[in-house]
Amino acid sequence: MLPKILIPVNDSQASDRTIAAIIANKERFPVTLTLLHVVDVDKLAYRMIPDFQVDMVQEKAMSIGEITLNKIKERFNTAGISTISRLEAGAPREVITRIANDEGFGLLVIGRRGMGEIRDVLFGSVSNHVLHHVTCPVLLV
C-alpha cells in the first residue's frame, strides 16, 4: 500500500518552490496528494477590528484561501498529478501537525522559508515546528 502524502500549501515563495519540485519529480509521487491550506486565524485577530466584523474578515480570508487552494490544485492537475484539496482554519503549525499525526499520513512535504538558521532558531517557523512534531517522515524542500 502506498503512503498518504500531505502537502501544506499557501501563496508563499517557499510553497511555490515546493510545488515546482514536486511537479518536476512527479514520477516519485505516484499517489493522490492531499493539499492542505490553513488560514491563520491568529493573524486575523486585529485589536482595531470590532468583534462584529471579525467573522466577516474570517469568512473573506477563507474564501481567499479557497481561491488559492484551487489555483494550486489546478497547477498539479495540469501536470497530471491527482490531488485532494483541504481548507482548514487555525494556527498552521498546530493544524498541519494534528492532521499529519491523526490521519495516518506516511509523508509530509513542506517548503522552508529560507530566512536563515539563526532566525528560525530565534523565532521558529512552521516547517521547523512540523519537522519536530510530526510522527511521519518530513521532506523539506
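Why does Glu-27 count as exposed? The answer is its relative accessibility of 57%, since exposed means over 50% relative accessible area, buried means under 20%, and partly exposed lies in between (1.4 Å probe, protein chains only). Glu-27 sits in the loop between H1 and S2. Its C-alpha atom is 9.3 Å from that of Ile-81, although the two residues are 54 apart along the chain.

The model is a predicted one, in which local features need pLDDT of at least 70 and side-chain atom pairs count only at pLDDT 80 or more, while totals for chains, interfaces and linings use all residues. Residues are numbered from 1 along each chain as its sequence is written, and side-chain values use heavy atoms, with hydrogens and water left out.

On to the sheet. Five strands make up an open sheet with parallel pairing, in the order S3-S2-S1-S4-S5. Strands here are DSSP runs of E with at least two residues, helices are runs of H or I with at least four, and both are numbered from the N terminus; two strands pair if DSSP finds at least two bridges between them. At the edges are S3 (83–89) and S5 (138–140), each of which pairs on one side only. Neighbouring strands are turned by 25° against each other on average, direction ignored. The axes behind such angles are lines fitted to C-alpha atoms, for helices over the stretch in contact, and angles run from 0 to 180 degrees between N-to-C directions.

S2 (33–39) is mostly covered, with 7 of its 7 residues buried. In a regular strand the side chains alternate between the two faces of the sheet. Here, Leu-33, Leu-35, His-37 and Val-39 point one way from S2, Thr-34, Leu-36 and Val-38 point the other way, and all are buried. S2 is tied to S3 by 7 bridges in the parallel sense, and Leu-35 stands opposite Ser-85 in S3. S1 and S2 also run parallel, joined by 4 bridges, with Thr-34 of S2 as the bridge partner of Leu-6. Between these two strands the chain passes through H1, and this β-α-β crossover is right-handed, meaning that with the strands pointing away from the viewer, the path from the first strand over the helix to the second runs clockwise.

H1 itself covers residues 13–24, and its 12 residues reach 16 Å from first C-alpha to last, close to the 16 Å expected at 1.5 Å a residue; the expected span is 1.5 Å times one less than the number of residues. Ala-14, Ser-15, Thr-18, Ile-19 and Ile-22 are buried in H1. Seen down the helix axis, these buried residues fall within an arc of 135°, so they line one face of H1; the arc is that of the directions from the helix axis to the C-beta atoms. Turned away from that buried side are the exposed residues Gln-13 and Ala-24. The buried residues of H1 pack against S1 (5–8), S2, H2 (51–78) and S4 (107–110), where contact means heavy atoms within 4.5 Å.

At the other end of the strand order, S4 and S5 run parallel and are joined by 3 bridges, with Leu-139 in S5 as the bridge partner of Val-109. H5 (residues 126–133) lies across S4 and S5, at about 155° to S5. Ser-127, His-129 and Val-130 are buried in H5. Down the axis of H5, its buried residues fall within an arc of 160°, so they line one face of the helix. They pack against H3 (92–102), S4 and S5.
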